[in-house]
Amino acid sequence: GEVKKYSNGLLAKTALIRSSIPIMYLHESVKKILNKSLSDNTAVKWKPYPRMGERSPELKIVGRIKPKDQDIVFLNKQKKNEIIRYEPLVGFEDLIGYQATKTSIILGIRSQMSSVEKNFDTLMERAIAETLNLRLRIKQIIMGEVYMLPLYELDDTEMKKNKIKFKKKLINIEKYIRTFNSFTLRSNLDSDQFKYDSSMLILVDFMTTPPKIIYNQSDLLSYTKSKEIIDDFQNVMPENFDKRLIKQYKKIHKIN
C-alpha cells in the first residue's frame with residue numbers, strides 16, 4: 001500500500017504505536033503460548049477469542065460498571081445470552097453470560113514506549129480499574145496482564161527531528177517491578193480483588209541489536225544489582241507467566 005508521510009518523527013511514532021503493529025505480534029505470541037499451556041495442563045477444552053491468528057472480533061465482557069472489549073479471552077463453557085438486571089447496566093444484553101464469564105481467563109496487553117514516567121499514575125490506575133470492574137461483578141474471574149516497557153524510553157525531542165533515539169538514562173526499573181509485583185498473584189478473593197492472577201512485565205532493551213528482552217532474573221542482573229528487586233521480578237517476569245496463571249486458575253476453580 002501507499003506509504004504515509006508525517007511532518008515529523010514524533011507524529012510517525014504516535015501513528016506506529018496507534019497502528020498496534022508492534023503489539024500485534026505480542027498478542028499472538030501470548031495467545032499461542034497460553035493456548036498450548038492450557039491444553040497441556042488442564043483437562044477442560046478452551047476456546048481463544050479472537051481466534052488464533054486473528055486480532056478481531058474481541059469479546060465484550062460485562063463488568064460491574066461497564067462492558068468492555070477484552071484483548072484476549074479464553075472460554076471453556078458455552079456462551080449464553082443474558083439480560084443484566086443491576087444498575088447502571090440494567091437491560092444490557094450480555095452475550096457471554098454469567099457462567100462462561102465466571103470460568104474465563106481474561107488478558108490485557110499494553111505497552112508504553114515513551115513518557116513512561118509521566119504516565120505512571122495513569123498506567124497504575126487503569127490497571128486496577130480493569131480488574132475491579134470485572135471482579136466486582138464476578139470475583140472468580142482469572143485475569144492476567146502483559147505490559148511491555150522499554151528500558152530506555154524513546155526521546156520525544158529527537159523524534160520531532162525525525163531521529164529515532166532512546167534516552168540514555170534507564171527507566172526506574174525498581175519502581176516498576178515493585179509496583180507490578182504489588183498487584184499480582186492474588187491470594188484472597190475478597191481483599192485482593194484489584195490484583196491480577198499473573199502479570200508479565202516485558203522489559204526490552206532497544207539499545208542493543210537485536211533488542212534484548214529481559215526474560216528472567218539472570219537477564220535482569222545486567223541492569224540492577226538490587227537483590228530485593230531481582231527477587232520481586234520472579235513474580236512478574238515473562239518466564240513462567242503461563243504457569244503462574246494456570247496455577248491460580250486451578251486453585252481458585254478447584255480443578256486439576
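# Helix packing, cores and loops in a predicted model

Colleague: Which residues in H6 do Phe120, Leu123 and Met124 in H4 meet?
Modeller: The model is predicted. Phe120, Leu123 and Met124 are the H4 side of this contact. By class, the contact of H4 with H6 has 5 nonpolar, 1 polar and 1 charged residues. On the H6 side, the residues met are Lys175, Tyr176, Thr179 and Phe180.

Colleague: Are H4 and H6 roughly parallel or roughly antiparallel to each other?
Modeller: The two helices pack with their axes 12 Å apart, at an angle of about 15°. Angles under 35 degrees count as roughly parallel and those over 145 as roughly antiparallel. H4 and H6 are therefore roughly parallel.

Colleague: Which elements do the buried residues of H6 pack against?
Modeller: The buried residues of H6 are Ile173, Tyr176, Ile177, Thr179, Phe180 and Asn181. Tyr176, Thr179 and Phe180 are also among the H6 residues that meet H4. The elements packed against are H4, E8, E9, helix H7 (217–220) and H8.

Colleague: Which element gives the most residues to the largest nonpolar core?
Modeller: The largest nonpolar core has 37 residues, and Ile173, Ile177, Phe180, Leu201, Leu203, Leu220 and Phe233 have the most contacts inside it. Two or more residues come from each of strand E4 (72–75), helix H4 (120–135), strand E8 (142–150), helix H6 (173–182), strand E9 (198–205) and helix H8 (227–233). The element that gives the most, with 5 residues, is H4.

Colleague: What is Ile177 in contact with, leaving aside its neighbours within four places in sequence?
Modeller: Ile177 is one of the buried residues of H6 and one of those with the most contacts inside the largest core. In soluble globular proteins, nonpolar side chains tend to be buried together. Ile177 is in contact with Leu201, Leu203, Leu220, Ile229, Asp232, Phe233 and Val236.

Colleague: How many residues are in the second, separate core?
Modeller: This core includes Leu38, Met200, Val204 and Ile246. Its number of residues is 21.

Colleague: Is Asp71 buried or exposed?
Modeller: Asp71 lies in the loop between strand E3 (67–69) and E4. Not counting residues up to four places away in sequence, Asp71 touches His27, Tyr49, Pro50, Glu58, Leu107, Gly108 and Ile109. The relative accessible area of Asp71 is 18%. The cut-off is under 20%, so Asp71 is buried.

Colleague: How many Å apart in space are Asp71 and Lys31, C-alpha to C-alpha?
Modeller: In sequence, Asp71 and Lys31 are 40 residues apart. In space, C-alpha to C-alpha, the distance is 9.9 Å.

Colleague: What is omega for the peptide bond from Tyr49 to Pro50?
Modeller: Pro50 lies in the loop between E1 and strand E2 (60–62). Tyr49 and Pro50 are both touched by Asp71. The bond from Tyr49 to Pro50 is cis, with omega near -15°.

Colleague: Which residue does a cis peptide bond join to Pro57?
Modeller: Pro57 is placed in the loop between E1 and E2. The omega of its cis bond is about -5°. The residue joined to Pro57 is Ser56.

Colleague: Is Ala43 buried or exposed?
Modeller: Ala43 sits in the loop between helix H2 (21–41) and strand E1 (47–49). Ala43 and Ile255 are 212 residues apart in sequence and 8.5 Å apart in space, C-alpha to C-alpha. The relative accessible area of Ala43 is 78%. The cut-off is over 50%, so Ala43 is exposed.

Colleague: What is phi of Leu185?
Modeller: Leu185 belongs to the loop between H6 and E9 and counts as partly exposed, at 28% relative accessibility. Its phi is a positive value in a residue other than glycine, near 55°.

Colleague: What is phi of Lys254?
Modeller: Lys254 is in the segment after helix H9 (241–253). Lys254 is exposed, with a relative accessible area of 73%. Phi is positive here in a residue other than glycine, near 50°.

How values were computed:
Residues numbered from 1 in each chain as written. Predicted model: local features only at pLDDT ≥ 70, side-chain atom pairs only at ≥ 80, totals over all residues. Heavy atoms only, no water. Core = buried A, V, L, I, M, F, W, Y, C linked by side-chain atoms within 4.5 Å. Buried < 20%, exposed > 50% of the residue type's maximum accessible area, 1.4 Å probe, protein only. Helix = DSSP H or I, 4+ residues; strand = E, 2+ residues; numbered from the N terminus. Contact = heavy atoms within 4.5 Å. Axes fitted to C-alpha atoms, helices over the stretch in contact; angles between N-to-C directions. Parallel < 35°, antiparallel > 145°, perpendicular 65-115°, else oblique. Nonpolar A, V, L, I, M, F, W, Y, C, P; charged D, E, K, R; others polar.
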